[in-house]
Amino acid sequence: LAVKVADINEAFNSCGKPAALEYKYDGFRVIISKEKNGEIKLFTRRLENVTKQFPDVVEIVKKNINGESFVLDSEVVGYDKKTGIYNPFEAISQRIKRKYDIKKLVEILPVETNIFDVLYYNGENCMKKKFRERRKIIEKIVHEEKLKIRPAVQIISDSENEVMSFYENALKIGEEGIMI
């Protein structure tokens with residue numbers, strides 16, 4: 001899990017310069033698993049199977065992620081269908097435990113999947129690879145589709161001003177902050 005810091009200097013001291021920065025999405029974490037037989041399963045961070053609650057995510061993963069088998073870490077974020085503005089977690093949380101009327105909820109509570117890490121890919125454990133190597137895999141295998149799926153938004157910077165601007169933009173569009 002992430003460690004909180006008081007300011008950018010503390011973050012740079014912890015991570016080094018330059019550092020990769022990503023939005024801290026206001027959604028919920030989903031582990032995406034694809035087995036060699038092509039079956040895709042979705043799990044919460046507590047390993048609850050939520051595949052049936054998110055058939056839309058399963059279909060978009062099938063269509064937009066290349067690979068025979070993988071385990072990806074992601075954040076699923078809800079958005080307003082009319083405006084495209086991101087909603088807070090509470091707006092889509094009802095989809096997590098839902099057993100009925102799933103198609104209706106998919107329609108009225110759409111989500112975007114933001115892929116931020118790869119743990120396993122095509123038979124290879126990726127967890128010991130450096131973060132930048134894992135990010136390259138993500139960029140290679142995830143085909144972005146607006147408001148459906150994408151690699152997590154990322155910049156690499158050693159500039160406090162650029163980091164502050166990235167942070168302020170994250171807050172402006174409704175995200176929780178940034179991860180460094």
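Reply: The model is a predicted one. Rings of Phe, Tyr and Trp count as a pair if their centres lie within 6.5 Å. By this rule the count comes to 4 aromatic pairs.

Me: Is the pair of Y23 and F166 stacked or edge-to-face?

Reply: The ring centres of Y23 and F166 are 4.8 Å apart, and the planes meet at 15 degrees. Planes under 30 degrees apart count as stacked. The pair of Y23 and F166 is therefore stacked.

Me: Which elements hold Y23 and F166, and how many residues apart are they?

Reply: Y23 belongs to strand 1 (residues 19-24) and F166 to helix 7 (residues 160-172). Both Y23 and F166 are buried. Ring pairs also join Y23, Y25 and F166 into a cluster. Y23 and F166 link distant parts of the chain, and their separation is 143 residues.

Me: How do the planes of F28 and F89 meet, stacked or edge-to-face?

Reply: The centres of these rings, F28 and F89, are 6.4 Å apart, with the planes at 70 degrees. An angle over 60 degrees is the condition for the other class. The pair of F28 and F89 is therefore edge-to-face.

Me: Which parts does the pair of F28 and F89 tie together, and how many residues apart are they in sequence?

Reply: F28 lies in strand 2 (residues 28-34), while F89 lies in helix 3 (residues 89-92). F28 counts as buried because its relative accessibility is 6%, whereas F89, at 26%, counts as partly exposed. The pair ties together parts whose separation in sequence is 61 residues.

Me: Which residues touch the most other members of the largest nonpolar core?

Reply: The largest nonpolar core has 29 residues. Strand 2, strand 3 (40-43), helix 2 (55-64), strand 4 (70-78), strand 5 (111-121) and helix 6 (131-141) each give two or more residues to this core. Another core, of 16 residues, lies apart from it, with F12, Y86, F116 and F166 among them. In the largest core, the residues that touch the most other members are I32, L42, F54, V61, I65, L72 and I115.

Me: What lies over the face of F12, and at what distance from the ring centre?

Reply: F12 is among the 16 residues of the other core. Over the face of F12 lies K17, and its distance from the ring centre is 5.0 Å.

Me: Is strand 4 largely enclosed or open, and how many of its residues are buried?

Reply: Strand 4 pairs with strand 2 in the antiparallel sense over 7 bridges, and F70 in strand 4 is the bridge partner of K34. Strand 4 also pairs with strand 5 in the antiparallel sense, over 9 bridges; there G78 stands opposite V111 in strand 5. Strand 4 is largely enclosed by the rest of the structure, because the buried residues number 8 of the 9.

Me: Where is E145 found, and which residues does E145 touch beyond four places in sequence?

Reply: E145 sits in the loop between helix 6 and strand 7 (149-151). At 25% relative accessibility, E145 counts as partly exposed. The C-alpha atoms of E145 and S159 are separated by 30 Å. Not counting residues up to four places away in sequence, E145 touches I60, K63 and N64.

Me: How many disulfides does the structure hold?

Reply: C15 counts as partly exposed because its relative accessibility is 44%. C126, at 1% relative accessibility, counts as buried. A search of the whole structure gives a disulfide count of 0.

How values were computed. Residues are numbered from 1 along each chain as its sequence is written. This is a predicted model: local features need pLDDT of at least 70, side-chain atom pairs count only at pLDDT 80 or more; totals for chains, interfaces and linings use all residues. Side-chain values use heavy atoms; hydrogens and water are left out. A disulfide is a pair of cysteine sulfur atoms within 2.5 Å. Buried means under 20% relative accessible area, exposed over 50%, partly exposed in between (1.4 Å probe, protein chains only). Rings of Phe, Tyr and Trp (its six-membered ring) pair if their centres lie within 6.5 Å; planes under 30 degrees apart count as stacked, over 60 as edge-to-face and the rest as tilted. A charge sits over a ring if NZ of Lys or CZ of Arg is within 6 Å of the ring centre and within 35 degrees of the ring normal. A nonpolar core is a set of buried Ala, Val, Leu, Ile, Met, Phe, Trp, Tyr and Cys residues joined through side-chain atoms within 4.5 Å. Contact means heavy atoms within 4.5 Å. Two strands pair if DSSP finds at least two bridges between them.
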